[in-house]
Amino acid sequence: MPRRRALIATTAAALFLTGLGATTAHADGSVTDLYVSSGSACTDSGTGTMTAPYCTLQAAADAVVAGHTVHIGAASPVFPVVLSKSGTANAPITFTGWTSWGTVSLAAMNASDPRAGQPMITFRNAQYVNLRNLNLHPGANTSISLVNAQHIGIDQVVQQGSVTSLPSSSAGPDGAITIDGASSYVSILHSITEYTAGDGISIGSGAQHIVLASDGIEAPGAGVRADGVQDLELAGDTTLASGGGVVITGSTSGSVENTVMMPKRLDQSGPPAINVSADSTGGVTEDYNSVTADKSHLDYDWGGTTYASSAAMHTATGQGRHDVDTLPGPSVIPTEGSPLIDSGDAGAPGESATDLHGKARVDDPTVPNTGTGSGYVDRGALEFTDPFSLGPITASVATGPAPLLETLTAPVHNSWGTGVTSYSIDFGDGTAPTTSATPTAEHTYATVGTYNPHVTATLSDGTKRSYPSASSVIVRTAGPLVATPSVGSDGLNAGFSISTTGSWPMSSGQVSFGDGSPAVPFDLADPSSRHTYSAPGTYTVSGSVSDTGGRTVSFSKALAVGTRFVPVTAARILDTRTGTGAAKHKVGPGGVLRLKVTGSYGVPSDGSATAVTMNLTDADATSSSWVEAYPEGTARPANSSNLNFKAGETNPNLVTVPVGADGYVDLYNASGSVDLIADLRGYYTTAGSAAGIGDTYIALAAPQRILDTRSCCLNPQPYPFGSGQSRTLIGSLGSFRVPLYATAVVMNVTSTNASADGWVAAMPAGSPPTVSDLNYSRGKTGSNLVVSRLDQYAGFTLYNSNGHTDLIADVAGFFIGPGGFASGSGGRPDPSSTYVPLAPSRIADTRVGSHHLGSGATLRIKVVGTQGIPVGVAAVTINLTGTGSTEATYLTAFAGGARPRASNLNLVPGRTRPVQAIVPVDGSGYISVYNYTGTVDAIVDLEGYYGPTS
């Protein structure tokens, strides 16, 4: 990973003319201070006063004389600038920003300017000149160039940007700051070069007496490159360079001490951090440095021999006796306990008494002094100074009614044992601050409002440290305590959380999950809990919460803990005609067939499968009868049925039935003998989404007709299905669009106008038919609820076995995989839901009391509250049976309101037919059943429900 960290974050600061003081003058009246700022009052033809400053730095540089100080404003004077005037030892010339170091920002000319390749500032033939307190942005320029310049001091200057080579016509060194061989007595202190190209500081052959101290140098080239320099002194610098921290050649003499040299990236190879050529090793002293190797694992190149550690370097050369091979910490700044702290040479040539930011080199009392001299100089440009700090103020009561008594406290972090004179806490409400010997205070907030207190510590050296609060103190008008619970489930796992509003914060709370388990308290800092139920169902989650004002409120909310559907490849798991899944013989009168549904065809046998969905078909019945499906190990429900048939008929019905504890379901036949066929379509599981299986159901607000081969208004074009023909429906049909992440479709499929007996199968697009979903008879209309898996393109295929028939498909909903959402015509569907299977129970029978359903009549049935069905239920699964019809008719089950253009059950006089339906529940907790014509009896058996999402 990259280890590159910026040495400093700098921001151009706006400068205001007020508060700077008057222009100073010599006793003879001559001006000693000149000003530069490109405001509206500036002029290059004036004298550079504060009220009429020069517009350009060059104008001031041309006017300056020994003893002058040029104050440079925050504007951007024209560059490049050549400084060629000289001061004297007693009267130097100084160019400085008007404010503290690095805050006056100056930018170079546009890259398209013909002068763009020239240095931003050039010292040419100048002596005794200082440059201070500037932030230079040279763009594509060299920042500062020294040409035949002597006694030049550069201090507190930041240079940020990219640098290119000097023009080819120029001679001398190449870098962000360049010093040619004719220059001498140059010091660069407390300054930063941060560049994206080239070397940091480059010094040419012949230069003399060059001091670089407490500087931060970042460069993709060498940090410092010196060729043939006499008396080069590097002390207490930090380099972050790809081309080596320091590269010394050409019989250079001098010293490199107390310097931290880091590669820009540890994961990339580069040259050694310290590279001294053979002709310079005799004149250069190297010690007390921190040298870190990059991927090349080389710290040093000394006289042409490389060394991978300071120990190896010292053993071979005698140099670097006190060097360390370490990083300062996670950045270029030393961290507490770093070996760089108090381990430098205080007497190193050129060492500065202050670090890069002007902080004094101080003793860390927690670290042994291992250096020389004073013994407490840190290595590198950044001194680790007193880490005294105050944590953010915390309030004893974050929120409460007025008057609110608060205790405000700020934790103190003081590992150096710094003396503190006093603490002052400002409460933020306009009252006078409180001063005390400890960082804590009590205060009463009298009025409603939001307040932000802060604390100030006065240290024994007179400095002050201020810190704000961690959060606001909110004072409210007294009001009621309101608790709003939120519950949800994923498989058998449930989650609970609660939010409160009121004048006082919560003090305690507990929740009961409604299954007989003990009530549990919840954490006030995170008022939430998890719970695992033993079985699906609807539970009442209840509890209470109290606040610090002494008030307590109760709460309760119903939670449906349900299951998720797993569609499987359609498979025939029972056929008594062939001996599949049971013995090869019919089920006799009053007989019960035990059908194993777990442990094969993808249905797990670990107890997580709670119900199965299968298409149940009767065949070759010897008499009229009915069949009921129920979980083994339970009593057969009274007054419910799943199949109704006459002798010789073949009738299908989709069945969703709970699974017995042993993995079996029972099929009971009332009269005569009959063959039974069962085709598995999927199962419901208690495994949560974390198991990576299981889909939730989205019930459409109303069924959507996606196919009618009789109609000219739906795609595909109207023509009946022929024998052996199939038709694939993909993605979207007309205005209807299949939801994203849909894994299976739930639809009512109707056959009409059939030319012969046959059957229809639904399967994912591209799959062959292996089971049947709808069996139909010639000249009759029949329907069945179908669950079909979808392929990766949301496609499914309908296949017709024989003759010709018209087919109608009305989609009731979809099963959606994780991450899915729905959008369909006619409004957004209800939220996705999990399924709670129930023991079948009869909830409506119009034969009782002769309340037959007349022509055009609608029967409304209350389902919420039945079998524990909660408010907010999305849909219910019912077995709808029609019998005793006086005319050919159809029944439609729907939520209520506008009746959809769809049917669930088609009837002719003299026949009794059942069909499974998944019906949305209206806001009042009802479902509706509509009869088209004639008189008919409707029987409704409840089988389960899709619970609310929370």
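Start with C55, on the screen now. C55 is buried, at a relative accessible area of 19%. The cut-off for buried is under 20%, so C55 falls within that class. Keep in mind that this is a predicted model.

What does C55 form with C42? The two make a disulfide, with their sulfur atoms 2.0 Å apart. The structure holds 1 disulfide, and it ties together parts that are 13 residues apart in sequence, because C42 and C55 both lie in the loop between strand 1, residues 33-36, and helix 1, residues 57-63. As for handedness, the torsion about the S-S bond of C42 and C55 is about 95 degrees, so the disulfide is right-handed. C42 is buried as well, with a relative accessible area of 18%.

In what order do the 4 strands of the open sheet run? The order is 65-70-67-68, and the pairing is antiparallel. Strand 65, residues 858-862, and strand 68, residues 905-907, are the edge strands, so named because each pairs on one side only. Ignoring direction, neighbouring strands of this sheet are turned by 20 degrees against each other on average.

For a residue to look up, take L859: its bridge partner in strand 70 is V929. In general, strands of a sheet pair through backbone hydrogen bonds, either parallel or antiparallel.

Conventions
Residues are numbered from 1 along each chain as its sequence is written. This is a predicted model: local features need pLDDT of at least 70, side-chain atom pairs count only at pLDDT 80 or more; totals for chains, interfaces and linings use all residues. Side-chain values use heavy atoms; hydrogens and water are left out. A disulfide is a pair of cysteine sulfur atoms within 2.5 Å. Helices (H or I, at least four residues) and strands (E, at least two) are DSSP runs, numbered from the N terminus. Buried means under 20% relative accessible area, exposed over 50%, partly exposed in between (1.4 Å probe, protein chains only). Two strands pair if DSSP finds at least two bridges between them. Axes are lines fitted to C-alpha atoms, for helices over the stretch in contact, and angles run from 0 to 180 degrees between N-to-C directions.
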